[in-house]
Amino acid sequence: MATFSERPHRPTDPVVAAMRTIERADFLPEALRDQAHQDHPLPLADGSTNSQPSTVRRMLQALDVRPGHRVLDIGSGSGWTSALLGQLTGPEGEVLGLDLTDFLVDFARTALSRYDLAWVRIDLATPDVLGTPGRTWDRILVSADGGRIPSELVHQLDDGGRMVIPAAGRMAVVTRAGQEVHTEYLPGQWAFVRLR
C-alpha cells in the first residue's frame, strides 16, 4: 500500500483543484507575474521567496488538509499558501498566516482581498516566538527551515494533528496522537529560506 508520500496526484486531488482556483500570479509582485507558471521559486522581499508550485503541491498533499480544519501557516510570505489552505479548509475552517516582514503581511492581505476567503487571516509574527503558544491546530505548515523540528510547534499540534516542516534540508511530516509523536520524511532534498 502506498504511503502519502508515494501517492500520485489525481485529477480530482483537492490540492491540484485549489491551485487551479487560487492564482499564483495574484500573490506575486507585478514585475514577476508573467513567471507565475514557471516551476521555480520567485523572490519577494527581505530574502523571502514564493515557493515553486511543485514544492507547494507536495507539501500541501502531505499536510492532508480537510474541510473545517484549523491551520497555522508559518512563513506565509505573499499569502499564496494561506489562500490555498483557505480553499482547502472551506468557510467552516480557519487559517492563520504568520510572517515577520511588515511589507509581506501588507502585501498578503491585499492579495487575499481579491478572493472571498474571510476565514483566512495574515498577522505579523512576534519575533523570537514560534507560532501561537497556548493554542493548538489541526494542521501546521512551515515554509522555512530552522534546521530542526521545534518542540514548541509540536506542542501546538492538536490530537490527531499534522505538521509539514523542512528541517536541515529534509521535509518532515510530523503527526500527533495523544502524547505519541511520529515523524517521517518525504523523499529528496529541500531548499528553503532560514526560519528566523
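1. Basis. The model is predicted; local features need pLDDT of at least 70, side-chain atom pairs count only at pLDDT 80 or more, and totals for chains, interfaces and linings use all residues. Residues are numbered from 1 along each chain as its sequence is written, and side-chain values use heavy atoms, with hydrogens and water left out.

2. Sheet order. The sheet is open and has 7 strands, in the order E5-E4-E3-E6-E7-E8-E9, with mixed pairing. Strands pair if DSSP finds at least two bridges between them. Strands (E, at least two residues) and helices (H or I, at least four) are DSSP runs, numbered from the N terminus. E5 (120-124) and E9 (180-186) are the edges; each has a single partner strand, so one side of each lacks a neighbour in the sheet. The twist averages 15° from one strand to the next.

3. Strand E6. All of it is buried: 6 of the 6 residues of E6 (residues 137-142), so the rest of the structure largely encloses this strand. Buried means under 20% relative accessible area (1.4 Å probe, protein chains only). E6 runs parallel to E3 (residues 70-74), joined by 4 bridges. E6 also pairs with E7 (residues 157-167) in the parallel sense, over 4 bridges. Arginine 139 of E6 is the bridge partner of valine 71. Arginine 139 also stands opposite arginine 162 in E7.

4. Strands E3 and E4. These run parallel, and 5 bridges join E3 to E4 (residues 94-99). Leucine 72 stands opposite leucine 96 in E4.

5. Helices on the sheet. H2 touches E3, E6, E7, E8 (170-177) and E9, and its direction makes about 160° with that of E7. H3 touches E3, E4, E5 and E6, at about 170° to the direction of E4. Contact means heavy atoms within 4.5 Å. Axes are lines fitted to C-alpha atoms, for helices over the stretch in contact; angles run from 0 to 180 degrees between N-to-C directions.

6. H1 against H3. H1 (residues 14-21) and H3 (residues 80-89) pack at about 120°, with axes 9 Å apart. The contact is made by Pro14, Val15, Ala18, Met19 and Thr21 of H1 and Trp80, Leu84, Gln87 and Leu88 of H3.

7. H1 against H2. The axes of H1 and H2 (residues 53-63) come within 9 Å and cross at roughly 135°. H1 contributes Val15, Val16 and Met19; H2 contributes Pro53, Val56, Arg57, Leu60 and Gln61.

Note on methods: Buried means under 20% relative accessible area, exposed over 50%, partly exposed in between (1.4 Å probe, protein chains only).
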